Structure formats: C-alpha cells, structure tokens
Amino acid sequence: MMLLEIQNLAKSFGGVKALQDVSLSIDSDEIVAVIGPNGAGKTTMFNLISGIYRPDSGDIVFEGKSIKGKPQHEIAKVGISRTFQNVRLFRGLKVIENVMTPLDALGKYTIIEAMLPVSSKIHTDKTNRRLAEEVLEIVGISAYKDWQPLNLPYGLQRRVELARAIVTVPKLLMLDEPAAGLNPSEMSDFIRLIRQLKERYRFGVLIIEHRMQVVNELSKCVYVLNFGNLLAFGTPNEIGNNPDVIRAYIGEENGGC
Amino acid sequence: MFTAAYLGYMLNFLVRNVFVLLIGMLGVYVLTGLTGMFSLGQASFMAVGGYTSAMLCKYYGLPFYVTLPAAILMGVIFGALIGIPAVKLRRDYVAIVSLGFGQALVAFLQNSSSITGGALGLTSIPKYVEEWHICVALVLTIVAIANLKKSRFGRQCLAIKHDELAAASMGIHVARIKLIVFTLAAAISAFAGFLYVHSLGYLDSGLFGWDQSSMWVIIVFFGGINSLTGAIFAGILLNILPEFFRFSNELRIIIYCLIVLFTINFRPQGLFGETELDWATLKRIGRFIIKSFKARPTNRRVK
C-alpha cells in the first residue's frame, strides 16, 4: 500500500482546467518532486490534497482511505502537513508560538481549564513548548524563538514554516517551492536539512520546486505537469533527457537559426 | 471641584459604571482582539444576563447563587444560538448578524413592557453587589482572559485571526474555535450584565443598543487590537472621559470621533499595538531604566 495515491484527479475553475486526469503516488520514506512551468497546476494539486479545494473528479487515497472532500483540519490530523509558496506565518505570535499551534490544535484541555491555572493545562503547554523548541533546534533557528516572525529574513521565515509543518511528525510533508528565493549556499543547507529530516522522521516528502539542483539531488522520482496534464514521470535523469519536457520548458526548436 | 464628596462620587462611578462596563467590554476583546470577529451586538448579551437575573430576582425572589448561573447560562445559550450560524460566515457578516440580533433583542425588551418594563426599564431590583465584589470580579475576569490568551485557545485564535486558511491546514478546527470563543464572549458580557443590574438596582434597555456595542469595538481598537492591557487602559479612559464632559454631550461624541480618526490614521495598530504589560515587558522597562541611569556618569567623563 502506498502512502498517498492520487487517481485521475481533475479540477477546473470556471472554464480553466487547472488539473486534468493526474495520477501520482508516493511511498513513505520517499521524496517525490513535482515540476512544471508556471500555471501548470502544481499548487492546485497541493490545495486539492490538503483540502482547500474539492476535486471535481478522481480520488485521493491516503494510507488506503479516501480523504477526498474532507475538511482541511481533518486532513491535517491524519498526518498530512504542508508549507505554502508565499510563506504564511501567523503575525502576532512569536516564532515558538507559531510552531506550537499545530500541537495546540491536538491539545485536549477545555476552554474553562484554559482560563484557570490548572496542572493539566500547564503540563500540556510545557510539553508542547519543549517539542517546539526541539524542532526549532533541528531546523537551526532556536536562537530566534522569541522573535516576531515577520522581523526575520525570508530564508529563516521559511525555516519557521518548515518547523511548524514537521512539529506534529506528519506522515506526508508537502513543500511548495521551499527553495524559492534562497541563495546558493542557503540552498545547499536546505537540501542537507531535508535529507536530515527524512532520515529522522521517515516521512514521505512531496516537493514542488523549480530549482533543478534541489530536484536532482533530493528526489528519486519526478512528475512533470504542463497545462494541468501529467506530461511525464521518471527519475531526474530520464526527465532531464525527455524531449517533451524540454519542449514544455524551453519551447519548440524551429530549426531555422 | 475636588472635594472629598466629589472624589467619593467619582470613585463610586468608576467602580459601579466603568468597571462593570469594562467587564462587558472584555467580551469584545476576546471576540475581536483574539479571534478577529466583529460583534456590533455584544451589549445585547449584557442585556440577556442583566434581564435574566433581574426578572428571576424580582418576580420569583431567587437568590444570587441561582440568578448568577442562570444569567451566565442564558448568555451561553444565546451566544451559541447566534454563534452557530454566524461563525460559518465571513467575518464582516458576523458583525451584521450580531447587529441584527442586538437590535431585535432591544426592540423586544422595549415592546414587551408587561414583563420587562418596556422603555421605562425595571426598577427596585435588589442591590447586593458591593464595590469590592465588582473589583474582585474584574480582576478575576482579567486574569482568566490573560490565561486564555497564553493557552492553546489563545494561540489558535490569533492564528485564525491572521490567516484562517493556514490555520485550518495546521489542523485547527476554525468554525469550532470561533463558536467556542463567541459563546465565551457572550458569557462574559452576560456576567457583566448581572453585575450591572444588581449594582445599580435598575435596568434600561436603551443602554444595550448598538451604540454601546460599537463603542466597545472602538475602545478595543483604540487600546490596541492585540493587547489586553491596551483594552483595559482604553476601557477605563474612554468610559471615564464622558464624566468630565457632562456639561456637553455633543462634545463627547466629537471626542470619540476624533479618537477614531486619529487612531486609524496615525496608529492603526492601536495605542498599545501588541505589547502587553506582563512580566517580560516590565523586566525590559526595568533594564532600560537601569541602563539609562548607568549611562549618565560615562557621559560626564567624556566631557
């Protein structure tokens, strides 16, 4: 049984067919990359998996159960977490509190207990804070735990978002262009970090990326989307030499010049 | 002007009016400050609590340990009733729903004069709430809300307020948290209604209209939308201000309008912004003062 299987997924917005008949599968402890030109439907696919949109047809199966059409918070609870293309951290919460929020959503104490200094609440909060601190340590930003996230440089904000996504130890981690806007040295740090995380947590990683360096170094399998269709899939090497993919990215060779 | 009698009167006014309204306003802080939902009918929940307790007490002679839970329970029931449809809407529509409920309730209270006293209000209700009761209630409410802000609910609320979509994909059940908070805010305001009626001894439905509710929203915004300290500070300041301008009611309204304009233009995050006067802030202020004292001698030596 695969960790996540997408079967013939389709979604359109009005007349725009954002995604048509796309199938994909990923196993745990595996990194799969999704690439494609702008507007190819990569982020739409992520939004369908994480429950922001409801697919028109097709099915999304996670660990043998369909999660199609479930609300977002339930999908997060079965063990799928994600980051966003444009970093979406919570203003008004410190870095550490940002990382604590997914744990808070799983917390047990009631609102009455939340208003009183009872031990069950204090204990839960302390445990969650320690867990969040551990994760911040792993992604290497524990020095900034009491900062406001918007005061951090962009690269570090991305790490906060990554920490927030992995703090609940998900089974599937979805990263939407995690290396966009990083400089080359930050990028190799990032690749190392993702490898470390995968070694540690053994989750499946689904990654949208434009930087071929990231794709080639990390993933075993690459899916290429173009205009909402699945163009090709295979190892990074195969994809790099696939004439269809080259045509989609660079355009037709017109031979003349 | 500043005779002992006047000061005594002001103190009495501060506790019996300002502090009670402040508790009611803290309901708005929980709702707007933490979750970002607007309620233009929050004062009507105060009316729910106040009228429940007053009517049970006046007509059935029930003691406070029955009417107080009854008042809060009615607040919870009405909060849930309004909250269930409201939280599924976009947040600006919450304001419209609550405004509608608030005005409907006030109209009901004014027109069913046989039981509620109508526009004349209810009078000769037992006054057994003393000043110190109100002070204790205020402190307890503030501590409870401060605890709430630092708890898992507070963090989830702030997450929802700033990015509902991201909050949902972190596993937060947005509608449920919103409903819980809406109900809690209604309960807090109903509690304030109980204190109000038994501290003043009369009830007048005119006090609980949309103008009171919208003033609470203004106060919370003026104080700093994310700061409990700011809300309390602004609540005391803006509620006590009208007392100094008693000679001219119009001037009072002009001052409120100016406050709103200046806040929106020059300090949209509110007076306190996101700063809380908690232990960490006090320590920072202390360190700053110590540093500026230490800095002086070195300056002289340089000269």
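Reader: Which residue of β4(A) stands opposite A:E5?

Author: Strands of a sheet pair through backbone hydrogen bonds, either parallel or antiparallel. Here A:E5 has A:V61 of β4(A) opposite, and the two strands concerned, β1(A) and β4 (residues 57-62) of chain A, run antiparallel and are joined by five bridges. The model is predicted, so that local features need pLDDT of at least 70 and side-chain atom pairs count only at pLDDT 80 or more, while totals for chains, interfaces and linings use all residues. Residues are numbered from 1 along each chain as its sequence is written, chains are lettered from A, and ligands are numbered from 1 in the order in which they are written.

Reader: In what order do the four strands of the open antiparallel sheet of chain A lie?

Author: The order is β2-β1-β4-β5 in chain A, with antiparallel pairing; strands (E, at least two residues) and helices (H or I, at least four) are DSSP runs numbered from the N terminus, and two strands pair if DSSP finds at least two bridges between them. At the edges stand β2 and β5 (65-66) of chain A, each with a single partner strand, so one side of each is left without a neighbour in the sheet.

Reader: How many bridges join β1 to β2 in chain A, and what lies in the turn of their hairpin?

Author: Strand β1 (residues 4-13) of chain A runs antiparallel to strand β2 (residues 16-26) of chain A, and seven bridges join them; A:L4, for instance, stands opposite A:I26 in β2(A). Two residues separate the two strands in this hairpin, and A:G14 in the turn has a positive phi of about 60 degrees.

Reader: At what angle do α5 and α6 of chain A pack?

Author: Helix α5 (residues 119-139) and helix α6 (residues 154-166) of chain A pack at about 130 degrees, with their axes 9 Å apart. α5(A) and α6(A) are therefore oblique to each other, a word kept for angles that are not roughly parallel (under 35 degrees), roughly antiparallel (over 145) or roughly perpendicular (65 to 115). A:V135, A:L136 and A:V139 of α5(A) meet A:R159, A:L162, A:A163 and A:I166 of α6(A), where contact requires C-beta atoms, placed from the backbone, within 7 Å. The residues of this contact of α5(A) with α6(A) divide into six nonpolar, no polar and one charged, counting Ala, Val, Leu, Ile, Met, Phe, Trp, Tyr, Cys and Pro as nonpolar, Asp, Glu, Lys and Arg as charged, and the others, Gly among them, as polar.

Reader: Into which domains is chain A divided?

Author: Chain A has domain 1 (1-79 + 170-257) and domain 2 (89-169), with bounds from an automatic or database domain assignment. Taken over C-alpha atoms, the centres of domain 1 and domain 2 of chain A are separated by 27 Å, and the contact takes 10 residues from each of these domains. On the side of domain 1 of chain A that touches domain 2 of chain A, the largest share, four residues, comes from helix α7 (residues 184-201) of chain A.

Reader: How many residues of chain B are in contact with chain A?

Author: 24 residues of chain B are in contact with 29 residues of chain A. On the side of chain B that touches chain A, α7(B) supplies the largest share, seven residues, and by class that side has 12 nonpolar, eight polar and four charged residues.

Key. Axes are lines fitted to C-alpha atoms, for helices over the stretch in contact, and angles run from 0 to 180 degrees between N-to-C directions. Two residues are in contact if their C-beta atoms, placed from the backbone, lie within 7 Å.
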